[in-house]
Amino acid sequence: MARRPVIVSLSQEQVNHARLLGTLRQEEAERKGLQGKHGGATEGPRGQRDHVLGALGETAVAIHLGLPLPTSVNTFHAPDLAGNIQVRTRSRHYYDLIVRDNDNENEVFVL
């Protein structure tokens, strides 16, 4: 069920948190030699941008829902946030929410 967009403003501290988290995720992925899934970047500036963008999305949803800020690195199949919440962040406003066949149907997906 589509809903109207919610606008969440992040403080500089929250943006810095997400940038650090995204950077840690990228560094760990490169250290382990992990390959991007579903066409995602694996290394370099694009990979880091994608990880930071994802962390920013998770941070915004956590703030909106009053949940703890995300801190996880290398928890690929676990929910992004408490309450079985998976956050999917888009880089373009016209991209849709992607839910894949192998996603857990018991999780809540937020774009």
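User: Which residues does Leu81 touch, leaving out those up to four places away in sequence?
Analyst: Keep in mind this is a predicted model. In it, Leu81 touches Glu58, Val61, Ala62, Leu67, Pro68, Pro70 and Val87.

User: And what's in the largest nonpolar core?
Analyst: Five residues: Leu81 is one of them, along with Val61, Ala62, Ile85 and Val87.

User: Which elements each supply at least two residues of that core?
Analyst: Helix H2, which runs 44-65, and strand E1 each do that.

User: Where does Leu97 lie?
Analyst: Leu97 is in the loop between strand E1 (85-87) and strand E2 (108-110).

User: How come Leu97 is called partly exposed rather than exposed, what's its relative accessible area?
Analyst: Leu97 has a relative accessible area of 35%. Exposed takes over 50% and buried under 20%, so Leu97 counts as partly exposed.

User: New topic: how many aromatic pairs are there?
Analyst: The count is one aromatic pair. Tyr94 and Tyr95 form the pair, with ring centres 5.2 Å apart.

User: Stacked or edge-to-face, and why?
Analyst: Edge-to-face, because the ring planes of Tyr94 and Tyr95 are at 90°, and the cut-off for that label is over 60 degrees.

User: Are those two tyrosines buried or exposed?
Analyst: Tyr94 is exposed, at 53% relative accessible area. Tyr95 is partly exposed, at 37%.

Key: Residues numbered from 1 in each chain as written. Predicted model: local features only at pLDDT ≥ 70, side-chain atom pairs only at ≥ 80, totals over all residues. Heavy atoms only, no water. Helix = DSSP H or I, 4+ residues; strand = E, 2+ residues; numbered from the N terminus. Buried < 20%, exposed > 50% of the residue type's maximum accessible area, 1.4 Å probe, protein only. Phe/Tyr/Trp six-rings, centres within 6.5 Å; stacked < 30°, edge-to-face > 60°. Core = buried A, V, L, I, M, F, W, Y, C linked by side-chain atoms within 4.5 Å. Contact = heavy atoms within 4.5 Å.
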